[in-house]
Amino acid sequence: MAGTNHGARFYRQIKRHPALIPMIGFIGLGMGSAALYLLRLALRSPDVCWDRKNNPEPWNRLSPNDQYKFLAVSTDYKKLKKDRPDF
């Protein structure tokens with residue numbers, strides 16, 4: 001066992017226990033979904049500021065009808081009016 005690599009050992013376990021295949025698939029799907037959601041939060045959220053020199057306050061650039069939430073259940077962003085001053 002010391003000379004085998006992890007891929008061969010993993011393949012043998014899968015061949016011996018085929019019921020693990022759906023579980024591995026769902027775990028991979030969950031990890032991929034979590035990674036994509038974190039990437040979306042890092043790139044699209046107004047709370048994250050990657051460039052402080054050119055855009056120190058990114059939340060001030062949002063217009064009131066920009067949807068930045070992932071899921072808006074009862075809010076229609078197209079009908080919102082601007083209720084804050086320009087800086």
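**Contacts, helices and a nonpolar patch**

In the protein, residues 24 or more positions apart account for 11% of the contacts with a separation of 6 or more; a contact means heavy atoms within 4.5 Å. The model is predicted: local features need pLDDT of at least 70, side-chain atom pairs count only at pLDDT 80 or more, and totals for chains, interfaces and linings use all residues. Numbering runs from 1 along each chain as its sequence is written, and side-chain values use heavy atoms, without hydrogens and water.

The protein has two helices and zero strands. Helices (H or I, at least four residues) and strands (E, at least two) are DSSP runs, numbered from the N terminus. The unreviewed UniProt entry annotates residues 20-43 as "transmembrane region"; such annotations may be inferred rather than shown by experiment. This span is 100% helix and 0% strand. Its end C-alpha atoms lie 35 Å apart.

Buried residues (under 20% relative accessible area) make up 7% of the 87 residues. The protein exposes about 8100 Å² (Shrake-Rupley method, 1.4 Å probe). Carbon and sulfur atoms supply 61% of that area.

Leu-36, Leu-39, Leu-43, Val-48 and Trp-50 make a nonpolar surface patch of about 580 Å². Patch residues have over 30% relative accessible area and no salt bridge, with nonpolar side chains joined within 5 Å. A salt bridge is a Lys or Arg side-chain nitrogen within 4 Å of an Asp or Glu carboxyl oxygen. Val-48 is found in the segment after α2 (20-44). Val-48 counts as partly exposed because its relative accessibility is 31%, between the 20% and 50% limits.

Notes: Patches are made of residues with over 30% relative accessible area and no salt bridge: like charges are joined within 9 Å, nonpolar side chains (Val, Leu, Ile, Met, Phe, Trp, Tyr) within 5 Å. Buried means under 20% relative accessible area, exposed over 50%, partly exposed in between (1.4 Å probe, protein chains only).
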